Amino acid sequence: WVMFFRDVKHWSQMILIGGLVFVYLFSIRRLPLDTPDLRSLISFLNVGTAGFVIAALGLRFTFPSVSLEGKAWWIIRCAPLDLSRVMRQKFAFSVVPTLIVALVLGLMTNFILDADRFTSWLSLGALLSVAFVLCAMGVGFGAVFPRFNVENIHQIESSMGGFVYMAASLFYIGLTLALLAWPMKMHFFGRFGRPAWDWRLVAASAAAWLLLNAVATVVPWTLGRRALEDHEE
């Protein structure tokens, strides 16, 4: 953290992130939403749009974290350090600010839209889970596609690995929305006075969502660790 804040180039990036969050929330505030149900629906869909913002931030900060070791990577390989520990440290450095951004986007969006309690809790929990998993995916895919010899960080972001990370992130976000759409559908039917709650379907949706998060976290992480172990300069 000390080295991060001592680097002046990161200050402007932090300001840009703050501006991005402000513009995002201002755009939500200006949406022409007249009914409570429509506001709640937008609050749920915010998981997808805010998830895309978090994925884009991950492409800039989390995905290149392994490659940014650069030519000093051989020092880490020579040190008595387990590569899993190195990846965990990269993850710990990225996950805290990412969760803060997700928390701000989720809380402020629900407040601005005045979404109902069920939708607010569901969307906030889903967004925090998305932020956590995307951080793990960023470190994992960054380890699968390391580039220690580049001179500019943008070469890392625009590489094939960056494309794979963003494609996997968007696929994961889309599946998250699809799985959570079932309880949201039953919730809206209940608001309209229709008996729609099927707890077996809710349990199946929750189990599928937990499985999705586990796979999206473990698979890139495991592949990344193995790729670093097999990497040769």
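Visitor: A crossing is left-handed if the near helix is turned anticlockwise from the far one by less than a right angle, and right-handed if clockwise. Which is it for α3 and α8?

Guide: Right-handed. Keep in mind that this is a predicted model, where local features need pLDDT of at least 70, side-chain atom pairs count only at pLDDT 80 or more, and totals for chains, interfaces and linings use all residues. Residues are numbered from 1 along each chain as its sequence is written, and side-chain values use heavy atoms, without hydrogens and water.

Visitor: Where do names like α3 come from, and at what angle do α3 and α8 cross?

Guide: Helices are DSSP runs (H or I, at least four residues), numbered from the N terminus. The axes of α3 and α8 cross at roughly 165° and come within 10 Å. Axes here are lines fitted to C-alpha atoms over the stretch in contact, with angles from 0 to 180 degrees between N-to-C directions. That angle makes α3 roughly antiparallel to α8; the label needs over 145 degrees, while roughly parallel means under 35.

Visitor: What kinds of residues make up the contact of α3 with α8?

Guide: There are 17 nonpolar, six polar and two charged residues. Nonpolar covers Ala, Val, Leu, Ile, Met, Phe, Trp, Tyr, Cys and Pro, charged covers Asp, Glu, Lys and Arg, and the others, Gly among them, are polar.

Visitor: I clicked on Leu 177. Which helix is that in, and what does Leu 177 touch?

Guide: Leu 177 is part of α8. Setting aside residues up to four places away in sequence, Leu 177 touches Phe 44, Val 47 and Gly 48, where contact means heavy atoms within 4.5 Å.

Visitor: How far is Leu 177 from Ala 126?

Guide: In sequence they are 51 residues apart, and in space 8.9 Å, C-alpha to C-alpha. Ala 126 belongs to α6, and is one of the α6 residues that meet α3.

Visitor: OK, on to that pair. Do α3 and α6 run roughly parallel or roughly antiparallel?

Guide: Roughly parallel. Helix α3 covers residues 36-61, and packs against α6 at an angle of about 15° with the axes 9 Å apart. Their crossing is right-handed.

Visitor: Which residues of α3 and α6 meet?

Guide: From α3 they include Phe 44, Val 47, Ala 50, Gly 51 and Ile 54, and from α6 they include Leu 122, Leu 127, Val 130 and Leu 134. By class, the contact of α3 with α6 has 11 nonpolar, six polar and no charged residues.

Visitor: And α5? How does α3 sit against α5?

Guide: Helix α5 is residues 83-113, and its axis comes within 10 Å of that of α3, crossing at roughly 155°. So α3 and α5 are roughly antiparallel to each other, and α3 passes α5 in a right-handed crossing. Among the residues making the contact are Arg 39, Ile 42 and Leu 57 of α3, along with Val 101, Leu 105 and Leu 113 of α5.

Visitor: How many charged residues are in the contact of α3 with α5?

Guide: One, alongside eight nonpolar and five polar.

Conventions. Helix = DSSP H or I, 4+ residues; strand = E, 2+ residues; numbered from the N terminus. Parallel < 35°, antiparallel > 145°, perpendicular 65-115°, else oblique.
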